[in-house]
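Biologist: I am new to this structure. Please take a close look at one part of it, the packing of its helices, and go through it in order.

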Amino acid sequence: MDASLIAWSRAQFAMTAAYHWLFVPLTLGLGIIMAVMETLYVVKKDEFWKKTAKFWQKIFGINFAVGIATGIILEFEFGTNWSNYSWFVGDIFGAPLAIEGILAFFMEATFMAVMYFGWQKVSRGFHLTSTWLTATGAAISAVWILIANSWMQHPVGMEFNPDTVRNEMVDFWAVVTNPVAISKFFHAVFSGWEVGGVVVVGVSCWYLLKNREPRFARQSILIGALVGVIGTFGVMLTGDSSAVHVSKYQPMKLAAVEGLENGGTRAPFSVVPGVEVPGMLSILATHDLDGFVPGINDILAGYTDNEGREIPSVQEKIERGKVALQSFQTYHATKDTNAAMAAEARATLDENMDYFGYGYLEQPQDVVPPVKPLFWAFRIMIGFGSFCLLVLLLALWFAWKDRLGNKRWLYYVAMLSIPLIYVAGECGWMVAEVGRQPWTIEGLLPVNAALSGVSATSVMTTFFIFLAIFTFFLLVELRILFKAVKQGPKIDE
C-alpha cells in the first residue's frame, strides 16, 4: 500500500474531524444554557430573560450552521477515502449514522425553525418545548454518532460473512449499549457543557469589561458557570469510566498515553516526566491499587491480564492473522469446487478471526501509536480543563455573591479560557482517535486495509481544498459571531 496515500488520507480525515469538533461542543453546551434561560422567561414572565435567551440562541444558530457543513463532508469521506472500510463494516457503521440523520437531524431542523421564527406565532409553552427539543436533538445526534465511533473503538454485535466479505450486524442492542459508547456519549455531552459555560462566561466578562449590559452579563455568568461546573465534574466522572474501558479494550492506547514502556501492578501515574504519583495509574485504570497495567513492551511480548486471560504476543497475532487471511482466500477459491477443503478453510478462518486485522501488519511495532504526541495531548487536555474549571468556580462564586464588579483580572482570565478550552477539547479528541492507530476498527481492520483505490495526489489536492474551505468557514463564523457579540443583546432598548 502506498504510504503517502495512507498519510494523506489520515491527514484529511483528521483535519476534517478537528474542524468539525470546533463546533460540536458549543452546540451541546449552548443548547442547555439557552433552554434554561427561556425556562426562566416562561416561569418569571420577565422580558429580560426572553431577550437573554434570544441572544444566546443567535450564537447557537451561527455555530450550528457551520458545524453542519463540516459534519456532512466528514461522513462523505468514509465513502471517498475509506471505501474498503465502508464495504467491510458498512452494515454496522451505517445504521447509527442513518438513524442520526433520520431522527436527530430532522428533529433539530423542525424544532429549531419554531425556536427562531415562532416567538410571535406559538404559545410560550410550545416555544419552550421547541427550544428544549432542539437542545435534546443535538444530544440525540451526538449519541448515534458516538455509538458508531465507539464501535470502532470496541467492535461488538457483529459476525464476519466470508461470502460477502462483510461484517454483518447480529445484535443491534449490543452495538447500542456498547459500554464504550455510553461513557463516550456522556463524556462528550458534559464536555460540551463545559465549553458552553466557558464561552458564555468569557463573552459575558467582555461586556463587563466594556461596562455594557451589566445585568445580562452577571446573570449569563451565573447560569453559564453553573452549567460549566456541572459539566466539568461530569467530564471527570465519565473520564474515570472511560479510563477503565480503555484499559480493558485498548491497552496499547493507555500505555502510549502514559508513555508506559513496562507495566506492572501499582503502576504510577506520570504527571509530567519525572513527576509520578505511585499506584495512581492502577487505580484509575482498574479501580484496584494492585491492578496490573500492561506497558508497551508487555503488550508486544504478551501478558496475563487482570481476568487471568493469556494475551498472545503481537507477533503471534500477526501470524494467526495471516493464517486467517490465507484461510479466507482458500475458502473463496474452493467453496464452489471442493466443499471439504472449503469447510476446513472456513473452520480455520473462524478459529483465527479475532486476529484477522493483524494479518495486514508487517511487524509488531506497527501497533504502537505515536507516544510523545499522545502523552502531551492528554496532559494539555487535563491541564487546560482544570484551569477552566477553576475559572468557572471563581466566576460562579463571585456571581452568586454579586461581587463581579471591578474584577478586571477575572474578566481577562475568563476570556483567555475560551481558546484554552477548545485546545483541551481538540487534545481529547486526538487522544481518542490517534491513540487507536494503526486501527480504523480496533484489532479488526488497520488503516492500510481500509483505504479507497484513489491516488495520493487526489487526496492531497482535496486536503488543501478542504483546508481552505474550512478555514474560510471558520473565519466567516468568527466574523459573524464577533459582530453579534459586539451588537449585544440590547436589553436596555
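Modeller: An axis here is a line fitted to C-alpha atoms, for helices over the stretch in contact, and an angle between axes runs from 0 to 180 degrees between N-to-C directions. The model is predicted. Two packed helices are described by the angle between their axes and the distance between the axes.

The crossing of α7 past α15 is left-handed. On the α7 side, the contact is made by K184, E194, V195, V198, V199, V201, G202, V203, C205, W206, L208 and L209. On the α15 side, the residues are R408, L410, Y411, Y412, A414, M415, S417, I418, I421, Y422 and A432. By class, the contact of α7 with α15 has 18 nonpolar, two polar and three charged residues.

α7 and α16 cross in a right-handed way. V203, W206 and Y207 of α7 meet A484, V485 and K486 of α16. That contact has five nonpolar residues, no polar ones and one charged. V203 and W206 are listed in the contact with α15 and also in the contact with α16.

A further pair is made by helix α12, residues 314–334, and helix α13, residues 339–352. They pack at an angle of about 155°, with axes 8 Å apart, so α12 is roughly antiparallel to α13. α12 passes α13 in a left-handed crossing. From α12, the residues in contact are R320, V323, A324, S327, F328, T330, Y331 and T334. They meet A339, M341, A342, A345, R346, T348, L349, E351 and N352 of α13. The residues of this contact divide into nine nonpolar, five polar and three charged.

α4 bends by about 90° at G90.

Two points in the loops complete the picture. Most residues other than glycine have a negative phi, and most peptide bonds are trans. K45, in the loop between α2 and α3, has a positive phi of about 55° although it is not a glycine. The peptide bond from Q437 to P438 is cis, with omega near 15°. P438 lies in the loop between α15 and β9.

Conventions: Residues are numbered from 1 along each chain as its sequence is written. This is a predicted model: local features need pLDDT of at least 70, side-chain atom pairs count only at pLDDT 80 or more; totals for chains, interfaces and linings use all residues. Side-chain values use heavy atoms; hydrogens and water are left out. Helices (H or I, at least four residues) and strands (E, at least two) are DSSP runs, numbered from the N terminus. Angles under 35 degrees count as roughly parallel, over 145 as roughly antiparallel, 65 to 115 as roughly perpendicular and the rest as oblique. A crossing is left-handed if the near helix is turned anticlockwise from the far one by less than a right angle, and right-handed if clockwise. Contact means heavy atoms within 4.5 Å. Ala, Val, Leu, Ile, Met, Phe, Trp, Tyr, Cys and Pro count as nonpolar, Asp, Glu, Lys and Arg as charged, and the others, Gly among them, as polar. The bend at a residue is the angle between axes fitted to the seven residues ending there and the seven starting there.
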